[in-house]
Amino acid sequence: MDLLLTLDTGAGFWNPVFWVLGAAVAGVIALLLYSLGEKGYKKGTAQEAPFLSGNPEPEKGLVHVRSGNLYWGFLDAMEGYYRRLVPLHTGDLHDYVLWYMGMTALFLVVVVVFR
Amino acid sequence: MIPPFVVDNSPALMVIVPFVAAFIAPFAGRAAPAVRALVVGGAMAITSAITLILASDVYAHGTRLYVFGAQAATLAVPPDSGGIPVRIMFTVDPMSALMLVITAISAFAVVLYSLTSERHHSGLGSYYTLFLLMVTGILGMVSTGDIFNFFVFLEILSIASAGLIAFRIDGGVAVEAAIKYFVLSTIGALAILFAIGIYYGEYNALNMALIAQRIQFTLLDQLALVLIIAALAMKCGAVPMHFWTPDAYSMAPSSITALLVVASQASLYGLFRTVFSLYNITLNAACVGWLIIILGVLSMVVGVTMAIPQKNVKRLMAYHAISQTGYMLLGVGVGLAVLGNQPLLDAFGYMAMEGGIFHIINHAMYKGLLFLTAGAIFFRIGTYDLNRMGGLGHSMKWTMVFFIIGALAIAGIPPFNGFASKLMIYESVFAFNPVLSVIAMVVSILTLASFVKVFHSIFMGPVLPEYRDVREVPGPMLAGMGILALVVIVFGLFPSVVVETLVAPAAHALADQGMYIAAVIGGGA
């Protein structure tokens, strides 16, 4: 067994221990950069408030972006794909059985033809 | 230290203990819920320990043969049987041992979690009976060397699973999901039984090694192969026979869903066992290999793209389970496609199989973990609807940490275990067909995107007024999730150890039909 615990992946390799060490070094560098940041920042003051162009800030519970609003653009761009794919999921057991039977028949044709 | 009786009889004990405990549990519950918890928890701990003892014995000493009712446990072929192994036997090779390890870890974590997560529900006597029967079914399926016995354990598993999917009733929706699962499982089991009848009629045998030795790949054998492949591909949730999966996974209690993942993988094991150990190079490996690869690619793509628009966290995770099954089918399918071509098998075939098989164990751990985190959230807020969640990271920090570990692992982010197995699949499949590898990588990106959405929806944002009083889940539930999270991290940090110790022997055992036959017909390894 490799003492460095390197995984041979065929064309390459993967060593998570080195990766974690590298990530730790990157983290230290990030902390150093962070420590060079603005020292005059005052927590809990108006400096924390978002700039909303003079509009009143809504209640925090009202500004959470809910799941239904996420990836709207992706779903809209892929509308043609989803228009065909989603209706196949009818929830009807008859359809489930038909798909299964159909695939069994298809497998049989493929296996027998290419025997 | 371990009594020789336990080691020698571990194949039988690992199914007997949960089977007997399944029927003791309801009576124990009549005495007191604590007694039932003790019986169930104790039985599962003993089962897991015996299972791990057996697996380690197999990895140390090679394939284990256990013949029920024989004078000697390894006496596969009685002297007066005409060379036919007539008794039911368990043939536990490294591939079976890997599945045993998966089941032992997952089932123990799940029972630990269930003892708390289900404590307020009624009908727990039935719940634990069915749970332990599920474990019995899975352990039997992945250990048996007798194809009819495989069918019996598959039926035990299916019936118990259907009962548990319907457990919460949920206005009849859970029952509907269970009926769908049960009808499809029964039709699939009938197909498998028909295939077994074909083998028995043709070869006068039910022992898998003997059938493998005699198989001719006649037209009837081709029919039997198709019946088994289709049934088990449906059972493991391969697209386009996956429709039952989101229904059943989302309606079952989350702890059961975690075990259903393992159950699906037992079906996947049956599929791989059939094509490799039963048929091997007698079939057109390239043709059947590509069939499995296409199923894998369809599962990956359709699974992940159907996951993204889901609003119910468990349905979303169920579609991801389908998608991840695609990786396993892809990896092992590539290995099958080049079976018989030794240079290609050595160049990338074994690596693809190892990647696919490594992904089986990884997936069982991180997907089980993710389903348990979904259950933890339901335990506290009573909904799976992502649109009604938010800000739970403030109050359920440990659950959030476990979710992050599972989500990063499933998305293939280093250094978690999903990355290692996916990397093996990417590289080996790239050598076979680069397009397939690119598809697999794109699916990983979409998986990450999907789980970013889930993470944001559940845990991020301000504390919502309706969840102001939400607390972290109790310790035993955290412990159940913690076990799986620990395995995800350890397997991710030391993948080479896992691959060399557990995965590579499993892949080679699967590909080497001669070794499987010799272990039985030769009278034991």
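# Briefing: a predicted two-chain model

Chain A contains 4 helices and 2 strands, where helices (H or I, at least four residues) and strands (E, at least two) are DSSP runs numbered from the N terminus. This is a predicted model, in which local features need pLDDT of at least 70 and side-chain atom pairs count only at pLDDT 80 or more, while totals for chains, interfaces and linings use all residues. Residues are numbered from 1 along each chain as its sequence is written, and chains are lettered from A and ligands numbered from 1 in the order in which they are written. The model scores ipTM 0.94 and pTM 0.94. Chain B has a mean pLDDT of 95, with 99% of its residues at 70 or more; pLDDT is the predictor's confidence in each residue, from 0 to 100.

**Chain A: overall form**

- The elements of chain A follow the order β-β-α-α-α-α from the N terminus.
- Chain A has a radius of gyration of 28 Å, well over the 13 Å that the globule rule gives for 115 residues, so it is more spread out than a compact globule. The radius is taken over C-alpha atoms, and the rule is 2.2 Å times the number of residues to the power 0.38.
- Along the principal axes, the C-alpha atoms of chain A fill a box of roughly 75 × 55 × 25 Å.
- Of the 115 residues in chain A, 11% are buried. A residue is buried if 20 or more other C-beta atoms lie within 10 Å of its own, exposed if 12 or fewer, and partly exposed in between, with C-beta atoms placed from the backbone.
- Chain A is divided into domain 1 (1-37) and domain 2 (83-115), with bounds from an automatic or database domain assignment. The C-alpha centres of domain 1 and domain 2 of chain A lie 46 Å apart.

- Chain B has 20 helices and 2 strands. Its radius of gyration is 22 Å, close to the 24 Å that the globule rule gives for 525 residues, so chain B is as compact as a globular protein of that length.
- The C-alpha atoms of chain B fill a box of roughly 75 × 60 × 45 Å along the principal axes, and buried residues make up 65% of the 525 residues.
- Among contacts in chain B with a separation of 6 or more, 81% are between residues 24 or more positions apart; a contact requires C-beta atoms, placed from the backbone, within 7 Å.
- The largest nonpolar core has 235 residues, and those touching the most other members include L98(B), L369(B) and V488(B). Such a core is a set of buried Ala, Val, Leu, Ile, Met, Phe, Trp, Tyr and Cys residues joined through C-beta atoms within 7 Å.
- Helix 14 (residues 342-381) of chain B gives the most to this core, with 20 residues.
- Leaving aside residues up to four places away in sequence, V488(B) touches M365(B), Y366(B), L369(B), I405(B), G406(B), A409(B), F416(B) and N417(B).

**The interface**

- The contact draws 41 residues from chain A and 55 residues from chain B.
- On the side of chain A that touches chain B, two or more residues come from each of helix 1 (16-35), helix 2 (72-77), helix 3 (79-85) and helix 4 (93-113). Helix 4 of chain A supplies the largest share, 12 residues.
- This side of chain A divides into 27 nonpolar, 10 polar and 4 charged residues. Ala, Val, Leu, Ile, Met, Phe, Trp, Tyr, Cys and Pro count as nonpolar, Asp, Glu, Lys and Arg as charged, and the others, Gly among them, as polar.
- Helix 10 (residues 244-251) of chain B is mostly covered, with 8 of its 8 residues buried. These buried residues pack against helix 4 of chain A together with helix 6 (147-165), helix 7 (173-203), helix 11 (254-279) and helix 13 (313-337) of chain B.

**Backbone geometry**

- Most residues other than glycine have a negative phi, and most peptide bonds are trans.
- A cis peptide bond with omega of about 5° joins V239(B) and P240(B); P240(B) is in the loop between helix 9 (219-235) and helix 10 of chain B.
- P414(B) and P415(B) are also joined by a cis peptide bond, with omega of about 5°; P415(B) lies in the loop between helix 15 (397-410) and helix 16 (417-432) of chain B.
- Y71(A), not a glycine, has a positive phi of about 60°. Y71(A) lies in the loop between helix 1 and helix 2 of chain A and is partly exposed, with 17 other C-beta atoms within 10 Å.
- I169(B) has a positive phi near 60° and is not a glycine. I169(B) is placed in the loop between helix 6 and helix 7 of chain B and counts as exposed, with 12 C-beta neighbours inside 10 Å.

How values were computed. Contact = placed C-beta atoms within 7 Å.
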